[in-house]
Amino acid sequence: MATATAWRTGRATAWRTWQTTRRAYPWTYAVGTVLPAALTIALGHLAFHAIGAGETGSGFHEGPYLAYLAVGATAYQFTVRLILWSAKALITEQRQGTLGALLIAPAGRLPYLLGFTAFAVLSSIAEFLTLAVVVAALGITIPVASPLGALAGALALITATFAMSVGLGGLMIAAGEAHISQNTLFCVLGLLCGYTFPRAYLPAPAQWLAEALPTTAAMDALHGSLTGGRTLTDLAPRLALSLLLSLALLLAGLRGLPRAEARAVERTY
């Protein structure tokens, strides 16, 4: 019974989000995340050939540089896009004046967030397919060392992003703001998690801090399965670590969410 209710809640949330989005599509969010990824890849291509003469330094051992950059830039902006959807679900309800109705509805918060995120993943994938045009136009070829590893890495990245979004969403409604918290997280992820450059370039303390974020291990798996030449077996420890960290963050976020909702209601009423 509980499973059926959760399924109906998630499905209804995804359908409602689709109906809302198709009437007023957030083009600014789409362009604001896809365009930076395209520019990053294009400028990286220019710098690689005009400044680096088509070669990388001896310290770079992650495979073809442009392919590494294309994967990382796309994954980073996909993470940003997914957070902008998932983490802001509750604060959007708050701004629209529907958070109170959501809180008293006989539906669990996790199925609601999963339904919202499921739609966000599908819409974001469709948007980011446009980056394939940029990659193809620049003549960048992305090798796939392990298709199963790439799929597992992508799922681990989605899971990690969702886990972080739950806690971030609670923080947003409790504080009544979104921009400072989300942009701080974006900066931390971009600097520490090895999206567009190897984490070995960071100071040792920063590398240790990065290991506490589930997106770090997920990106290791994604890069390794594509440009790193690693198999699914090689990536299994990093995938397991990402899932464990994601589970811990998800449980912590769900545990703190009722208190954040109570704080939001107290401040509103």
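Me: What covers the buried residues of helix 9?

Reply: The cover includes helix 3 (65-86), helix 8 (147-175), helix 10 (204-210) and helix 11 (214-226), where helices are DSSP runs of H or I with at least four residues, numbered from the N terminus. This is a predicted model, in which local features need pLDDT of at least 70, side-chain atom pairs count only at pLDDT 80 or more, and totals for chains, interfaces and linings use all residues. Residues are numbered from 1 along each chain as its sequence is written, and side-chain values use heavy atoms, with hydrogens and water left out.

Me: Why is serine 181 called buried?

Reply: Buried means under 20% relative accessible area, exposed over 50%, and partly exposed in between, with a 1.4 Å probe and protein chains only; serine 181 has a relative accessible area of 11%, and therefore counts as buried. Serine 181 belongs to helix 9, and it touches Leu168, Leu171 and Met172, leaving aside residues up to four places away in sequence, where contact means heavy atoms within 4.5 Å.

Me: How do you know that the buried residues of helix 9 line one face?

Reply: Ser181, Gln182, Leu185, Phe186, Leu189 and Leu192 are buried in helix 9. Seen down the helix axis, the buried residues fall within an arc of 160°, so they line one face of helix 9; the arc is that of the directions from the helix axis to the C-beta atoms. The face turned away from this buried side carries the exposed residues Ile180 and Leu191.

Me: What makes valine 31 partly exposed?

Reply: Valine 31, which lies in helix 2 (residues 27-50), has 47% relative accessibility and therefore counts as partly exposed.

Conventions
Helices (H or I, at least four residues) and strands (E, at least two) are DSSP runs, numbered from the N terminus.
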